[in-house]
Amino acid sequence: MTLPFEPPARAAWFIRDRFGMFIHWGLYALGARHEWLMNREEIDPATYRKYFEHYDPDLYDPREWAETARRAGMRYAVITTKHHEGFCNWDSQLTDYKVTNTPYGKDVLQEWVTAFREAGLKIGFYYSLIDWHHPDFTIDVLHPLRNHPDALEMNKSRDMNRYRAYLHGQVRELLTNFGKIDLIWFDFSYPQRTYHGAPGKDHTDWDSENLLKMVRELQPEILVNNRLDLPFGAADFYTPEQYQPESWPTNQGQRVMWELCQTFSGSWGYYRDEQTWKSPDQLIKMLINTVACGGNLLMNVGPTAHGAFDKRATAALEVYGEWLKLHGRAIYNCTQSEFTPPPGCRYTQNGNRLYLHIFSWPFQEISLPGLAGKVEYAQFLNDASEIRMAAPHHITMAGEEAPSVEAGTLTLTLPVVKPDVQVPVIELFLKAHEQDTAQIDRILFMGQPDQ
Ligand code: GLC
């Protein structure tokens, strides 16, 4: 089944891998109450510095992180190099506000890149366009000093030209000093968010055109997200966040390459007291729903200020690992199917293998519209046991006629008891000759093929 969506060749790994780990880790891990705490609590940079002075993640072991990501079935990872707070995870030559000047003293990012690359994971850098620490970043509607009585006065001496040079210089460092980077994730533009009549920040503030040009020059194979406020076509992939698209996202009528980013519990940075952790059922369905609409899932972990994943995050990652170990074939290299699934189910597809994800377990049989005669073999993915295809036999004790089954529907016989996995999946091998038949149909409908 060809889809009218053609990703660039350099995105082949991205489409294949489907599932990645997002890592939000910075000084906000010490506050442990959302990575936006500086904004939410209007903390000025001088006060926020207490986190810088106490940053010492003594348990940080990026090899263990990489191993955990792999065990969870993740195949790439994106880490915050700098978040909105402005703190840099690497030994940048352009600022003192960096990890090597904290009590920890080592280049966290360098260690991370080495470990994740060694584990065979693709490497992505998140870089915040926003910077609440840099003295030239003008105070705007999101800035922690937005309500400061002298904010407008302070802006007079702030110079976005200087900040822009800093931003471009830092991105150059990131894309020069760490070898091949597979993906860059800029965050974010907000032109509509006005402040005292002035517009919010947009592509002119970042000089996005030239920034993107430099990125492509330094790393020609890299994939770039869509938050630079550039016209359609500039970005490689789109980034819906914290909601579940129910169909393949489009832009100007075209399907786009997309990656959904989600959290385990609501915030991105480590949040000690957050109680809204998603259930195993929600976690697995989120991944299936995403791939069923042709997208990737980037699932976030917010490590603690010790440099470790907390128990709840580790447990959530294990949920993915356990399910993907058996059902990976229904996720990696899969995309949206052109077949319509029955109610309470989703389809993903990889070539002639169609995967039926059963969200709501039915009684004894399930009917698949449009698939009669098209399936060569069917099996569960959890134990590779055969699923028999059957003519439906609805016999009633009173001898009424069985309701007729719609023509073209395939019926599968299921066990009464749902297999003991989060979401059971049936692998349907489509008959090879289905493709030939489709070819013939096309010829019949469209007249003679070209000579
Ligand atoms: C939002 C938030 C940010 C987070 C990002 C991840 O833009 O500003 O905290 O890093 O989403 O998608």
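Let's start at Glu 217. This residue sits in helix α10, which covers residues 208-218. A quick note: the model is predicted. Is Glu 217 buried or exposed? Its relative accessible area is 58%. The cut-off for exposed is over 50%, so Glu 217 counts as exposed. Now look across to Phe 188. Glu 217 and Phe 188 are 29 residues apart along the chain, and their C-alpha atoms are separated by 22 Å.

Next, the aromatic rings. How many aromatic pairs does the structure hold? There are 32. Take Phe 14 and Phe 237. Their pair is tilted, with 5.1 Å centre to centre and 45° between the planes. Phe 14 belongs to helix α1, residues 12-17. Phe 237 is in the loop between β5 and β6. So this pair ties together parts that are 223 residues apart in sequence. Phe 14 is buried, at 0% relative accessible area. Phe 237 is buried too, also at 0%.

On to Phe 19 and Tyr 320. They form a tilted pair: 4.7 Å between centres, 55° between planes. Where do the two residues lie? Phe 19 is in strand β1, and Tyr 320 is in helix α12. The pair therefore ties together parts 301 residues apart in sequence. Phe 19 has a relative accessible area of 0%, so it is buried. Tyr 320 is buried at 0% as well.

Last, charges over rings. Arg 75 lies over the face of Tyr 332, 3.5 Å from the ring centre. Lys 201 lies over the face of Phe 137, at 4.4 Å from the ring centre.

Key: Residues numbered from 1 in each chain as written. Predicted model: local features only at pLDDT ≥ 70, side-chain atom pairs only at ≥ 80, totals over all residues. Heavy atoms only, no water. Helix = DSSP H or I, 4+ residues; strand = E, 2+ residues; numbered from the N terminus. Buried < 20%, exposed > 50% of the residue type's maximum accessible area, 1.4 Å probe, protein only. Phe/Tyr/Trp six-rings, centres within 6.5 Å; stacked < 30°, edge-to-face > 60°. Lys NZ or Arg CZ within 6 Å of the ring centre and 35° of its normal.
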